[in-house]
Amino acid sequence: MTEIVECVKHEEQEATFVCQHLVACLHSGEPVGFYFSGEPRGDAWCSACEETRIREGGSSGDWNERSEAFAGISLLCGACYDSVRSLHGL
Ligand SMILES: [Zn+2]
Ligand SMILES: [Zn+2]
């Protein structure tokens, strides 16, 4: 089931989840790297979070408390997600 989020810019949209740095780059317009879980509009995170995930998660690369705390995953509307992704040329 798709969750719905109410965006100030885009009204009702599909809910997506991204790291706090990607939310920040929506405002700054500065690319910070874009990694995502593979599905369309899958959970996304930046290069700094990717480094932290690998450092904390070892060979499995699993998220743990520290990498998740660093990422600070936040809710974002689907249309905002698409703008962040296209900012990174994807
Ligand atoms: Zn991040
Ligand atoms: Zn939006």
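Which residue of strand 2 stands opposite E6? In this predicted model, the residue opposite E6 is E12. This briefing covers the strands and the zinc site.

**Conventions**
- The model is predicted, with local features requiring pLDDT of at least 70, side-chain atom pairs counted only at pLDDT 80 or more, and totals for chains, interfaces and linings using all residues. Residues are numbered from 1 along each chain as its sequence is written, chains are lettered from A and ligands numbered from 1 in the order in which they are written, and side-chain values use heavy atoms, without hydrogens and water.

**Strands**
- Strand 1 (residues 4-7) and strand 2 (residues 11-18) are antiparallel and joined by four bridges; strands pair if DSSP finds at least two bridges between them.
- Three residues lie between strand 1 and strand 2 in their hairpin.
- Strand 2 also pairs antiparallel with strand 5 (residues 74-77) over four bridges, where T16 has L76 as its bridge partner.
- Strands (E, at least two residues) and helices (H or I, at least four) are DSSP runs, numbered from the N terminus.

**Zinc site**
- C7 (SG), H10 (ND1), C77 (SG) and C80 (SG) coordinate the zinc ion (ligand 2) at 2.0 to 2.3 Å; donors are N, O and S atoms within 2.8 Å of the metal (3.2 Å for Na, K and Ca), and water is not among the atoms, so sites may look incomplete.
- Of these residues, C7 in strand 1 and C80 in helix 4 (residues 78-87) are 73 residues apart and link distant parts of the chain.
- C7 is buried, at 13% relative accessible area, and C80 is buried at 5% (buried: under 20%, exposed: over 50%, partly exposed: in between, with a 1.4 Å probe and protein chains only).
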